[in-house]
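Please look at the sequence and the model first.

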6 protein chains.
Amino acid sequence: MKMIQIVLFFFALISFTTNAIDSDDFCVANLFLTSDTPSGYPCKSEKFVTADDFMYSSLAAAGNTANPFKVGLTSVNVSNLAGLNGHKLSAARIDIGINGSVPMHTHPDATELLIVIQGQITVGFITPTKLLVKILNPGDVWVFPIGLLHFQFNSGDGNAIAYAAFSSSNPSIHVISPLLFGNNLPTSTIQKTTLLDAAPIMMLKGVFGGSG
Amino acid sequence: MKMIQIVLFFFALISFTTNAIDSDDFCVANLFLTSDTPSGYPCKSEKFVTADDFMYSSLAAAGNTANPFKVGLTSVNVSNLAGLNGHKLSAARIDIGINGSVPMHTHPDATELLIVIQGQITVGFITPTKLLVKILNPGDVWVFPIGLLHFQFNSGDGNAIAYAAFSSSNPSIHVISPLLFGNNLPTSTIQKTTLLDAAPIMMLKGVFGGSG
Amino acid sequence: MKMIQIVLFFFALISFTTNAIDSDDFCVANLFLTSDTPSGYPCKSEKFVTADDFMYSSLAAAGNTANPFKVGLTSVNVSNLAGLNGHKLSAARIDIGINGSVPMHTHPDATELLIVIQGQITVGFITPTKLLVKILNPGDVWVFPIGLLHFQFNSGDGNAIAYAAFSSSNPSIHVISPLLFGNNLPTSTIQKTTLLDAAPIMMLKGVFGGSG
Amino acid sequence: MKMIQIVLFFFALISFTTNAIDSDDFCVANLFLTSDTPSGYPCKSEKFVTADDFMYSSLAAAGNTANPFKVGLTSVNVSNLAGLNGHKLSAARIDIGINGSVPMHTHPDATELLIVIQGQITVGFITPTKLLVKILNPGDVWVFPIGLLHFQFNSGDGNAIAYAAFSSSNPSIHVISPLLFGNNLPTSTIQKTTLLDAAPIMMLKGVFGGSG
Amino acid sequence: MKMIQIVLFFFALISFTTNAIDSDDFCVANLFLTSDTPSGYPCKSEKFVTADDFMYSSLAAAGNTANPFKVGLTSVNVSNLAGLNGHKLSAARIDIGINGSVPMHTHPDATELLIVIQGQITVGFITPTKLLVKILNPGDVWVFPIGLLHFQFNSGDGNAIAYAAFSSSNPSIHVISPLLFGNNLPTSTIQKTTLLDAAPIMMLKGVFGGSG
Amino acid sequence: MKMIQIVLFFFALISFTTNAIDSDDFCVANLFLTSDTPSGYPCKSEKFVTADDFMYSSLAAAGNTANPFKVGLTSVNVSNLAGLNGHKLSAARIDIGINGSVPMHTHPDATELLIVIQGQITVGFITPTKLLVKILNPGDVWVFPIGLLHFQFNSGDGNAIAYAAFSSSNPSIHVISPLLFGNNLPTSTIQKTTLLDAAPIMMLKGVFGGSG
């Protein structure tokens, strides 16, 4: 009888945090019915939340590197791991083939932490006053601060693998070359804002599918 | 006539902040039609907001302490005081009977400030490097930093009352014992992750309604 | 053929950030279908976003200063520049006629940065320990910290123009006199909470349309 | 022997969070050697932190109400409760004598939650579109959103007591009347920015010690 | 005598917010004695704060456009307007000569709001899925979201002037071309991470002072 | 000659962001001379920053699992990777031997994302309303929301390895058993706040080095 009292008490204690509304213990993204907000997706009702909402399966397979950069990217973010919603954290697997590279890019909304798993990767980022470059081997960890222009390339003699963590639940990757040459931004505009000549611009517009 | 001009002008000034959309002066929670977001509930339309949205009535009565811990909790959060939405602030009244206690728990999302109103309460929190404990009397104030394991117990000879403020509009209370023993987490899992023996685990699974 | 491969690769790279869900590159306010949240408006679907969402046209005309304060305010915030949503930034144009002023007010949710374009404006803000006042001329810049009581007045001999930037996408302007005298707050309440006599209160209730 | 191993292991586990540097479990303000930052005071070294850093003693006594407003304020913030540093939470005790009031004021940096302990207090806040007023009795709770002009007055027939919690570790109180009339802001400036006549301004400059 | 009482009372009220420590009304940067923190510079002691800490004088003069881009930039940030410290707001004046441009760049830490004052400026920003471009005339306002690649160029037939506001007290400007070509990043690295040929890289290394 | 002009111009452009003070591109922790703040460590002067500040070497070796839990933890945080300062991101390597476990614990200040590299790990977290448990295999990713009680154990037949990312630059690990039993918290206090009997408490005080 005493135990029953205790159990009832703990139902009461629990209800301290679960009145008519859900707790703030987590806010699993409801991706399907409603749109994003500046702080993330609206929360799925707590009663429909399951362990599957907190799991992504799986990063075990290599990304497809059958492309000119020989780079494969597999991203785990709020779009495929809804439990990340509101948490400013996500991950990715990066595969880089021999002589391959992750091209010059920025993440406008996330710092990136890179852990090399296999092979040798040369990393670097550039600010107006600094060019910081390092050769990383398995187990080495590197930080790319938010918004800075950076790159990685396979400087070893085999395939390279790394995992990345980001300080955003849905980081963007903005690759400079397709941003500049992959749309219909006029060649004259690119010229005057980069000092590149028309010839390499038109060449790269061809490569990245741009026009104009 | 001059006054009419002034009045019209102030209607214009006011409309500086109240175009088609509501101001950001407050965002009273619309709890009924829409779900939570990582930053809180969507705002009720300003035209339906009244003083009742900013008032909770009342913490005057003692919480029910007729349970084994002799503790009564009454919480004032965004679920019953919708004006707290988006403000990272809420409150509670805590009644602790003679020999009663608020069991070991954490608030994953809030710092707690405690003001003792009546009686004597011994408080403490525990970190990997510190055990900080104090005896509080009426008028004493104490801080439990966010996420830390803490407890309170009545160390006086009469009923104790305290008010608490939290740095969240909807703080959770995670009591360690029912978290560990009040569900179907297997005894073997609890054993290997706490080093408790099977016997006390099974005893407390009985107490807190757990199985497995 | 090689180029086609590269193009396809970049479509793949781009899709790294554009799965089923929108990127977080921007969150243009959807003002029409849904209500605000504590972090801003829900995002318009990325496919409907155009350049118009990031442009306001235009602040070229002077605001209407045909009122007793001889002040014209034109605000550019998330209500008329939806691309500001979630960005904690907005702007306004302020026109002050000869002898005109921006009355004593606060912005509860924004710091203000003022750039004088034309004329001479005297600015000041007040805290419990400081009264800071300066005369500004064209090109001068001033900061009003968030929440502080402040004012501006035209201290030159021609019309004055300034642009303001705010650290909020939807700043409020709370002008002290109409807050105190423009509603039905009882005269006795204003008396006991300001120490003003009844006569000036009733006079200003007349000016600002208050009663009671 | 096995226990010794376990103990050593837990020393190792604990050192996981306590390398050369302190943990982030708390950041008790070091108020004496160094200046504030926008996020709060630098942290006192963890090894000098004691339970006294998290306790304030005591709010038991009434504040001094022997003044014209008959209001006594006792504040518990990071200056006298250093454990609040970085936590965006603090408290105060408010005593209001018969016919007394807390004058019109704003908190530029904090939302306030008020719990009435004794007596009857009428509360209210004012926005450009709303005047929200309520009569509170013991146990009633009220929210004053950040930055809004508000007031309280004793509307009962005995002394009133309330506790307040704030969403800042060091909230400011900006009382409108001394801000306007308690310094050397010229009467002509106050006139043109409030529309008050010179006579009540000069009267209140006398009351609040202002000149000019 | 009554007035003296009131005055003394308000000294007491004021001291409510000014105990041994400074208020949080502002945190003017102490730039000289101490280093930055992730939230900004340590605060200058309140007793040394003057109106000059909140003023920058002056943006009235055009920036120097005697350079190949014909662009002059004058920045007002925490380094020359210390009152901006902790406020996530700053400003700049931009002068663009005939045929001049602000080259392709990002602000890793700030959203930018642009107000055109004189002339015609074509603006644009680029994301993986959008190229958004507009022609702006005096009074037009534009938003460049944080971290996105963007540009401006003078598309009129006279000098152009704009003011910019930023959501940072110390925004960086990262111009793509000097980042890529203005240091000793090896040509082979630039080639493999941009797909540019060696020839234009070496040409631009010459332009921007790079080597390697 | 034209190139020299351009180069000089870009030195000027760069100096736009590097006046007397450092940029905000990064804030590498100065761990040695100054204490932490609520937002992180003061910044090392930009001129002394090198690539080493952004690299940790190395996580390649297994942590020491020669302890009763057979778990080895290697943490990469702001204490050994100073470039993480201010970025709310860090990492760890977790090795779990056969039958080993990561005991019941919370991170009061960080969400954790786990990537399994080798072996099979069963993970789970507990809230007042949910027990969510999953078996993870290599490549699987899991999220433990901030502040929630959670555990991991090796459920495979070989050693297990995982990498973890945290949404804090210096996450704490609070293991429940040593928090409760590894200090001099009186047995009677533990009893009344957990409902455990004295016998298992005293047994575990022996295990974890507690007294009292």
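This is a predicted model: local features need pLDDT of at least 70, side-chain atom pairs count only at pLDDT 80 or more; totals for chains, interfaces and linings use all residues.

Me: How do strand 1 (residues 55–56) of chain B and strand 8 of chain D pair, and over how many bridges?
Reply: Strands here are DSSP runs of E with at least two residues, helices are runs of H or I with at least four residues, and both are numbered from the N terminus. Two strands pair if DSSP finds at least two bridges between them. In this pairing, B:Tyr56 stands opposite D:Val141 of strand 8 of chain D. The two strands pair in the antiparallel sense, over two bridges.

Me: Which residue stands opposite D:Val143 in strand 8 of chain D?
Reply: Strand 5 (residues 112–118) of chain D pairs with strand 8 of chain D in the antiparallel sense over four bridges. Within this pairing, the residue opposite D:Val143 is D:Leu113.

Me: Which residues of strand 8 (residues 141–144) of chain D point the other way from D:Val141 and D:Val143?
Reply: In a regular strand the side chains alternate between the two faces of the sheet. Buried means under 20% relative accessible area, exposed over 50%, and partly exposed in between (1.4 Å probe, protein chains only). D:Val141 and D:Val143 point one way and are buried, as are the two residues pointing the other way, D:Trp142 and D:Phe144.

Me: What is the handedness of the disulfide of B:Cys27 and B:Cys43?
Reply: A disulfide is counted where two cysteine sulfur atoms lie within 2.5 Å, and a search of the whole structure finds six over all chains. The sulfur atoms of B:Cys27 and B:Cys43 are 2.1 Å apart. The torsion about their S-S bond is about -100°, so this disulfide is left-handed.

Me: Is B:Cys27 buried or exposed?
Reply: The relative accessibility of B:Cys43 is 9%, and that residue counts as buried. B:Cys27 has a relative accessibility of 10%, so the residue counts as buried.

Me: How many residues apart are C:Cys27 and C:Cys43?
Reply: A disulfide joins C:Cys27 to C:Cys43, with an S to S distance of 2.1 Å. The pair links distant parts of the chain, although both cysteines lie in the loop between helix 1 (2–15) and strand 1 (55–56) of chain C, and they are 16 residues apart.

Me: How far apart are the C-alpha centres of domain 1 of chain A and domain 2 of chain A?
Reply: Domain bounds come from an automatic or database domain assignment. For chain A it gives domain 1 (54–172) and domain 2 (178–208). The C-alpha centres of these two domains of chain A lie apart by 26 Å.

Definitions and conventions. Residues are numbered from 1 along each chain as its sequence is written. Chains are lettered from A and ligands numbered from 1 in the order in which they are written. Side-chain values use heavy atoms; hydrogens and water are left out.
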